Amino acid sequence: MVQAIILVVAQTIVLLAVSPFLVGLIRKVKARLQLRRGASVFQPYADLAKLFRKQPVVSTTTSWIFTATPYIVFASTLTAGLLVPIFVSSTPLNFAGNIIALVYLLALGTFFLMLAGLDAGSAFGGMGSSREAIVASLTEPAMILSIFAIALTKGSTNLSTIVHKTALLEGIATDPSPYLMALAALFIVAIAETGRVPVDNPATHLELTMIHEAMILEYSGRYLALIEWAAGLKLLVFLTLIANVFAPWGIATSLEPAALSIGLAIYLVKVSGLAVLFGVIESMFAKLRLFRVTDLLGVAFILALLGLVFFYVLRG
Amino acid sequence: MIAHGLAAGAGLVGIVLGIAGLLASAPLTLSLPSTLPFLTFAIRLDPLAALFVLAISLVGLAASIYALGYVTEFYGRASIAVLGALFNGFLLSMTLVVIADNGFFFLIVWELMSLLSYFLVVTEHEKAEVRYAGLFYLIMTHVGTAFIILAFLIFFQAGGSFSFEAFRHPEQPLSEGMRTLAFLMALIGFGTKAGIVPLHVWLPYAHPAAPSHISALMSGVMIKTAIYALIRVYFDFLGGQFPWWWGFVVLVIGAVSALLGVMYALMEHDLKSLLAYHSVENIGIILLGIGAGMIFQTYGLTEFAALGLLAGLYHTINHAMFKALLFLGAGSLLYATHTRNMEEYGGLLRRMPWTGVFFLIGSVSISALPPTNGFVSEWLVFQSLFLSFHIPTVLLKLMLPLAAAMLALTSVLALTCFAKAFGISFLALPRSSHARQAEEVPITMRIAMGLLAVVCVLLGLAPMVVIPMLDRVVAPFAGMSIEGKVLALDGWALAPVNVEFSSLSPMALALLLIALSALGLLLVVAFGGLVKQRYYKTWGCGINLTPRMEYTATGFVQPIKRVFSTLYQPTVKLETELLEESRYFAKRRRFEFHIEPVFQKYLYDPVVAFFIGMAERLRVIQGGSLHLYLAYIFVTLIVLLLFAV
């Protein structure tokens, strides 16, 4: 019991501590590719600290939903993060929810963000909420199907079980094509869900092209800090999902200190690598028009479906 | 007043009866002979019936308390005494439907239920659209009843008696063809009442037309009596023996109803019509669970069959609670603002804080967000669909996950729809003078909503209470109890059928959410101290913000309308009157948009479709587009090639 609590607390700290770093890393990679020096990778920490100290301005139009939302988004994203194995393959919270619970926890945050976007009464917030809705609607089926394609090969939808089995090389299919399809689908889903180029641009200053940023336009001070942190956490959760579900090797499968520290180090390398990849992709593509995003997400859905078909066909 | 007080009392008795029925080891029966042939007033309370009695009584109790305040709306417009009497009769007939033990008796009370609900729908008969809704409902429900009579006659022919016992064990077993016929007749007959696509068209007319507490009963429990009857016929009378395609048909109908229900709900801006369409959606989700159960039953996978059925029933109960809650909430908005049009609400959370919170709980539940009851039952439906890899047929192995993907799409769209419903109605600035003058509703109405809200939360957090009850219902049909296989960790977690495959603990998630919100607050205090926040008006691009600048419900769903335009077939009309001085400035703009009522148009206007359609159809082929003609040539070629092979 004590051990479980320590592990949960440790995981919470790692999630909270690493997520701003990845945001900073992606910004750095983008800056370097644009031949800029860019801010330090630790800049997001300073930003958060500053936002926490700033006086928040709250619109007089809003209700309690507006001030409660940052806490709900923060809590639901962090809860989702606790369901994913990070540096040790068996999380103590395995019983609390499987990957579907994770998807729906993230949806809980999205729901309240959409409400908060509408709450201030400004048209920009409504626009953001409305666009977020369409992107979320189209990603979710692809996500569920790609998850199922992975779950099939491991006989489980519990993340710990999936990661643990893969780490121990159990149930590895001889033909990797279903995996690769599901990986590609989940990658597109991750880009869409975390609001990255080419679906959304987190660095935009143009209200008319914003999705996620438009929803949170009215936030400032500590509320903005919590939401920014939650956005970083969501990015980390998706990167961790990709890294640990498809390539969990190196993760600690026991609770020995040596294994744990190696697991943590390898985890950091893996998510940093993926963050660099995200940065490169952001630099390579232009943002898609909103109504072209549907095509991209349609591709993700078809890929996930093909992964499923391949699995059954190859198995015979 | 007296009528509704009595109804509330009856509701309490019904709850006791329901719980007793669920806990009793043997079904309670009572039979009164009658002078008519074939008819005995037989009632039987087995666990399945008891579950529905419980649901009807709970919603009935809330609706009666609610009505004490709500009927003041009808003073001087309708006879409160008649309304109260009909209300009581309606509750009684629904209860009798689920406990009837004789086919003839069942049909009589079924008809009674339909007629009484018709009279309740046309309470405000001075309005033309209410009369139209009532007539539509009356016709549809009688078409449905005709099919039910046919189904029962098939059983009667084989059993020689109208008693349900004879239906269960007929003298000569039904032939395969007759069984199939009974399956289809029951599906159409009860499906009409349940509101499956494409037989759902009466729902969005009839449910909003009725007084809100009646809508809550109709949407919450009346359509569930059809689910009860379907389970009764398929798993009880037909003995749970089906070919695979029966389950498949139910599954497909479920998936289509769920998706189309929510799609049409999104485009509705009449709050009660929106909720009515969501009933179609949730009936679909229930049928997904039941359909999956039927498919598993075919292949002898009893555990999974029980799980599917249990998931469907769990969602049935949940939907009864949150849909009744939402309809009562919609009724409160109607009571406070005298309009059902969402575009005229806005800012109501400040004016009606209690109603707002209850409506939010209902919205979160129906959007299946953790840790509410809607999430738990939808999660179980997901699990039963995912367990499809045990089925030996590749087609079904693929179709069930596809149904899961459709369920995922459905639930996100439902989330969008309720972000719209709650956000537009309760947040931001009031959009009309109605909303500006709104006041919180009387205490009785708040108590009723609060009761259902508490039930919603409890149903989600305490599966260890709900699952054993549902297991008692399912066990006789599946032939095994799966309680121990679904519950884990002394009931604090769900781990259906096998712990390795999946697990969920709503209580743990709820505690985590609370603890981590507290952590967020702690971080705020630790890093920033207690900085006082400043209040200021929203930036309106330099001018003062007015309600006209807010996002409307129509605008909110515009991207969805555009992406799924194939389904909606929207027609947009924009008229602009320009200023004479300059054609860049408009004096007046008029925007209109309609979506095509596909089913009404293509299925319910057959006469029109026949006469006008013949000529029209020939013209449609000649579309004038070269691509279309090329497609025709291509299709013809393929058909010819197929014949050649």
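What follows is a conversation about the terms used for this structure and the values behind them.

Tutor: First, some ground rules: this is a predicted model, so local features need pLDDT of at least 70 and side-chain atom pairs count only at pLDDT 80 or more, while totals for chains, interfaces and linings use all residues. Residues are numbered from 1 along each chain as its sequence is written, and chains are lettered from A and ligands numbered from 1 in the order in which they are written.

Student: Why is I317(B) called buried?
Tutor: A residue is buried if 20 or more other C-beta atoms (placed from the backbone) lie within 10 Å of its own, exposed if 12 or fewer, and partly exposed in between. I317(B) has 23 such atoms within 10 Å, so it is buried. Its place is in helix α12 of chain B; helices (H or I, at least four residues) and strands (E, at least two) are DSSP runs, numbered from the N terminus.

Student: What does I317(B) touch, leaving out residues up to four places away in sequence?
Tutor: I317(B) touches A55(B) and L459(B); contact means that the C-beta atoms, placed from the backbone, lie within 7 Å. As for S215(B), 102 residues away along the chain, its C-alpha atom is 17 Å from that of I317(B).

Student: How do you know whether T153(A) is buried or exposed?
Tutor: Count its C-beta neighbours inside 10 Å: there are 20, so T153(A) counts as buried. T153(A) sits in helix α5 of chain A.

Student: How do you know that the length of α5(A) agrees with that of a helix?
Tutor: The expected span is 1.5 Å times one less than the number of residues. For the 32 residues of α5(A) (residues 123-154) that gives 46 Å, and the end C-alpha atoms are 46 Å apart, so the two agree. This helix is also mostly covered, with 31 of its 32 residues buried. Just after α5(A) comes G155(A), with a positive phi of about 65°.

Student: What makes β6(B) a strand that lies largely in the open?
Tutor: Of the 8 residues in β6(B) (residues 571-578), the number buried is 0, so the strand lies largely in the open. Strands pair if DSSP finds at least two bridges between them. β6(B) and β7(B) (residues 586-594) run antiparallel and are joined by 8 bridges, so they meet that rule. One bridge links L578(B) with A586(B) of β7(B).

Student: Which strands pair between the chains?
Tutor: β1(A) (residues 57-59) and β5(B) pair in the parallel sense, over 3 bridges. S59(A) has Y536(B) as its bridge partner. Looking at the whole interface, 69 residues of chain B are in contact with 71 residues of chain A. On the chain B side, α16(B) gives the largest share, 16 residues.

Student: What kinds of residue make up that side of chain B?
Tutor: The division is 48 nonpolar, 14 polar and 7 charged. Here Ala, Val, Leu, Ile, Met, Phe, Trp, Tyr, Cys and Pro count as nonpolar, Asp, Glu, Lys and Arg as charged, and the others, Gly among them, as polar.

Student: What makes a group of residues a nonpolar core?
Tutor: They must be buried Ala, Val, Leu, Ile, Met, Phe, Trp, Tyr and Cys residues joined through C-beta atoms within 7 Å. The largest such core has 349 residues, and A304(A), A62(B) and L452(B) have the most contacts inside it. Its largest share, 23 residues, comes from α12(B) (residues 302-337). Domain 1 (242-478) and domain 2 (552-598) of chain B both give residues to this core, so it lies between them; the bounds come from an automatic or database domain assignment.

Student: Why is L35(A) called exposed?
Tutor: L35(A) has 7 other C-beta atoms within 10 Å, so it is exposed. L35(A) lies in the loop between α1 (2-33) and α2 (43-53) of chain A, and its phi is positive, about 60°, although it is not a glycine.

Conventions:
Contact = placed C-beta atoms within 7 Å.
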